[in-house]
Amino acid sequence: MVQHAEQITHRTVATPAGRIHLVEQGTGPLVLLVHGFPESWYSWRRQLPALAEAGYRAVALDVRGYGRSSGPAATEAYRMLELVEDNVAVVHALREESAVIVGHDWGAAIAANSALLKPEVFRAVGLLSVPYTPRGGPRPSEIFAQMGGDEEFYVSYFQEPGRAEAEIEPDVRGWLAGFYAALSADTMPAPGAPDPHFVAKGGTLCERFPAGRLPAWLGESELDFYAGEFERTGLTGALNRYRNMDRDWEDLAAYDGSPITQPSLFVGGSLDASTTWLADAIEAYPITLPGLVSSRLLDGCGHWIQQERPDEINDLLTEWLAALPS
């Protein structure tokens with residue numbers, strides 16, 4: 001039987017960010033869950049009880065700049081090196097020496113780099129939706145600027161401080177609803193429709209979002225939770241992650257092409273642009289993830305994988321965790 005919601009514990013711990021808010025359930029080996037954009041610890045609400053029931057200490061955090069965690073003012077405070085140090089500080093604040101780390105979306109990149117930079121702390125890594133791509137190639141901003149032809153790739157659109165905020169913050173709830181729907185299997189635009197990952201010249205990202213229908217995984221009360229978090233904090237902290245990609249490229253130069261050797265897991269959605277655009281990265285896993293235990297694509301699944309298909313993700317996570325060396 002899955003444990004009840006009242007067994008979830010909220011707390012904050014001291015980290016280089018100032019404080020990180022955690023939600024914890026269960027006892028046993030530590031599994032740290034790291035969310036992506038634009039989400040929060042709440043995106044793991046269906047994994048926490050399942051992992052706790054399976055005998056793990058499941059901890060979902062609010063990444064710095066999100067939810068109840070600190071949101072430093074400086075843009076450069078959201079570089080990858082800082083986020084890795086937050087994760088290390090969380091493990092130690094929980095009086096643990098090591099953890100398995102699992103991330104989704106940006107959280108997958110944060111988890112991967114945590115495992116790469118701190119292998120003595122993160123003994124295994126699970127990646128959802130976004131494949132591991134080792135540092136390398138041209139400067140990221142140069143790559144993104146070349147994508148889309150006359151249109152602007154959303155990552156480039158997010159670069160200028162205040163620009164995306166001006167689109168999102170007047171109607172946070174409506175924008176989030178559209179963004180979640182645009183990348184969900186049951187509500188994403190049909191093949192051939194304008195791609196919501198790109199912005200037309202002089203336009204906005206939300207012009208291409210589906211309207212008037214929430215994806216099946218997202219109820220009104222759940223959308224209210226997400227909207228309430230971002231209405232309180234604003235979006236700048238979350239968007240600053242995108243604004244540090246060139247800094248990350250510079251910071252991680254010594255790790256160019258480096259593999260992650262710990263036991264790893266990858267699960268993506270077959271309808272997610274993250275897995276189709278980065279298909280070559282998945283094919284490279286024998287080199288880049290030599291410790292890979294399992295790699296799966298869920299047929300007919302979109303981007304919000306652990307929320308769209310929670311039972312399958314819970315089964316895959318618990319099976320993988322159970323097979324890890326103790």
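Student: What is the volume of the second largest pocket?
Tutor: This is a predicted model, in which local features need pLDDT of at least 70, side-chain atom pairs count only at pLDDT 80 or more, and totals for chains, interfaces and linings use all residues. Residues are numbered from 1 along each chain as its sequence is written, and side-chain values use heavy atoms, without hydrogens and water. On a 1 Å grid over the protein atoms alone, a pocket is an open set of points with protein on both sides within 12 Å along at least five of seven lines, whereas a cavity is a set where a 1.4 Å probe fits but cannot get out. With volume taken as the space filled by probe spheres set on points joined across faces, edges and corners, the second largest pocket has about 280 Å³.

Student: Which residues lie nearest the centre of the second largest pocket?
Tutor: Lining residues have an atom within 4 Å of a point. The lining of the second largest pocket has 11 nonpolar, four polar and two charged residues, where Ala, Val, Leu, Ile, Met, Phe, Trp, Tyr, Cys and Pro count as nonpolar, Asp, Glu, Lys and Arg as charged, and the others, Gly among them, as polar. Of the 17 lining residues, those nearest the centre are M188, P189, D195, H197 and L271.

Student: Which helix gives the most to the lining of the largest pocket?
Tutor: The largest pocket has a volume of about 1,300 Å³, and V130, T133, F144, M245 and L278 are the closest to its centre among 47 lining residues. The lining comprises 35 nonpolar, seven polar and five charged residues. Helices (H or I, at least four residues) and strands (E, at least two) are DSSP runs numbered from the N terminus, and those supplying at least two residues include α4 (140–145), α7 (172–182) and α10 (245–251). With six residues, the greatest contributor is α3.

Student: How are α2 and α3 oriented to each other?
Tutor: Helix α2 (residues 80–93) packs on α3 at about 75°, with the axes 9 Å apart. The contact (heavy atoms within 4.5 Å) involves M80, L81, L83, V84 and N87 of α2 and W106, A109, I110, N113, S114 and L117 of α3. Axes are lines fitted to C-alpha atoms, for helices over the stretch in contact, with angles from 0 to 180 degrees between N-to-C directions; under 35 degrees counts as roughly parallel, over 145 as roughly antiparallel, 65 to 115 as roughly perpendicular and the rest as oblique. The two helices, α2 and α3, are therefore roughly perpendicular.

Student: Which residues does a cis peptide bond join?
Tutor: Most residues other than glycine have a negative phi, and most peptide bonds are trans. R95, in the loop between α2 and β5 (99–104), has a positive phi near 60°. The cis bond, with omega about -15°, joins F37 and P38.

Student: Over which residues does pLDDT stay under 50?
Tutor: pLDDT is the predictor's confidence in each residue, from 0 to 100. The chain has a mean of 96, and 98% of its residues reach 70 or more. Where pLDDT is low, the predicted coordinates should not be read in detail. Values under 50 run over residues 1–5.
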